[in-house]
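Dear colleague,

I am handing over the structure we spoke about, with the sequence alongside. Please look it over before reading my notes, which follow below it.

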Amino acid sequence: MGIFEDSLDRASANTATRPLPKSAGAQVRFLVKQLKGSTRETARVLGVSQRTVERYLTGGIKRPRPELAARLEGEVRRRWQPRVRDRARKQAATSTGIVIETRARFGFTAAPGSTDDGRVRLITQHLPPAYAARLFDARGAEAAEEELRRIAAEGLQEQYFTDRGRRAPGLRVEFTDIDYVELEF
């Protein structure tokens with residue numbers, strides 16, 4: 001997964017209203033319930049045997065290996081409170097927008113005589129709901145990381161660099177060398 005995909009997933013997971021199940025047994029029980037009671041399907045998703053899943057359910061195994069614990073937590077986090085996540089995404093896409101914080105190199109294509117050399121900037125900017133909707137739609141359609149980056153660059157270009165058309169007409173922003181991206185909605 002790419003940096004924007006991961007950031008969107010983390011932001012979505014941060015909208016949860018209740019904490020994740022803590023113990024491995026509780027996490028496995030949750031996954032089995034989500035997968036319609038199928039221990040076979042749960043085992044396939046986790047990459048373990050069906051018997052291993054059954055032992056977690058009965059309490060025969062209490063502590064998973066570190067790599068299994070990470071996969072287990074990741075699968076639970078991905079399926080945790082889907083309606084709460086959907087409601088938060090819908091609200092961000094229709095009314096509240098999304099906040100992006102990033103440290104990256106921004107280069108410009110602008111009128112002659114201006115400085116277009118890229119430089120690293122730390123930016124925290126609120127993007128309007130239209131950009132949030134575009135990001136969510138692209139993520140839902142499994143768009144490439146480059147498409148998500150382009151949408152974010154357009155939003156930052158409009159909101160941060162050109163101040164909604166009030167300055168720097170014709171400026172085009174290039175969003176490269178991303179150090180980190182954090183999204184919040």
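In this predicted model, the largest nonpolar core has 28 residues, of which Phe4, Ile98, Ile100, Phe106 and Phe175 touch the most other members. At least two residues of this core come from each of helix H1 (3-13), strand S1 (98-109), strand S2 (119-127), helix H7 (129-140), helix H8 (145-161) and strand S3 (172-184), and H8 gives the most, with six residues. If neighbours within four places in sequence are left aside, the contacts of Ile100 include Phe4, Ile123, Leu127, Ala152, Leu156 and Val181. There is also a second, separate core, made of 15 residues, with Val28, Val32, Leu46 and Val76 among them.

Leu46 leads on to helix H3 (residues 39-46), where Thr39, Thr42, Ala43, Val45 and Leu46 are buried. Viewed down the axis of H3, these buried residues fall within an arc of 160 degrees, so they line one face of the helix, whereas Arg40 and Arg44, on the other side, are exposed. The buried residues of H3 pack against helix H2 (24-34), helix H4 (50-58) and helix H5 (66-79).

As for the pairing with H4, the two helices pack at an angle of about 110 degrees, with their axes 8 Å apart, which means that H3 is roughly perpendicular to H4. Thr39, Arg40, Thr42 and Ala43 of H3 make this contact with Gln50, Val53, Glu54 and Leu57 of H4, and the residues involved divide into three nonpolar, three polar and two charged. Just after H3, Gly47 adopts a positive phi of about 75 degrees.

With best wishes

Technical notes: Residues numbered from 1 in each chain as written. Predicted model: local features only at pLDDT ≥ 70, side-chain atom pairs only at ≥ 80, totals over all residues. Heavy atoms only, no water. Buried < 20%, exposed > 50% of the residue type's maximum accessible area, 1.4 Å probe, protein only. Helix = DSSP H or I, 4+ residues; strand = E, 2+ residues; numbered from the N terminus. Arc of directions from axis to C-beta. Contact = heavy atoms within 4.5 Å. Axes fitted to C-alpha atoms, helices over the stretch in contact; angles between N-to-C directions. Parallel < 35°, antiparallel > 145°, perpendicular 65-115°, else oblique. Nonpolar A, V, L, I, M, F, W, Y, C, P; charged D, E, K, R; others polar. Core = buried A, V, L, I, M, F, W, Y, C linked by side-chain atoms within 4.5 Å.
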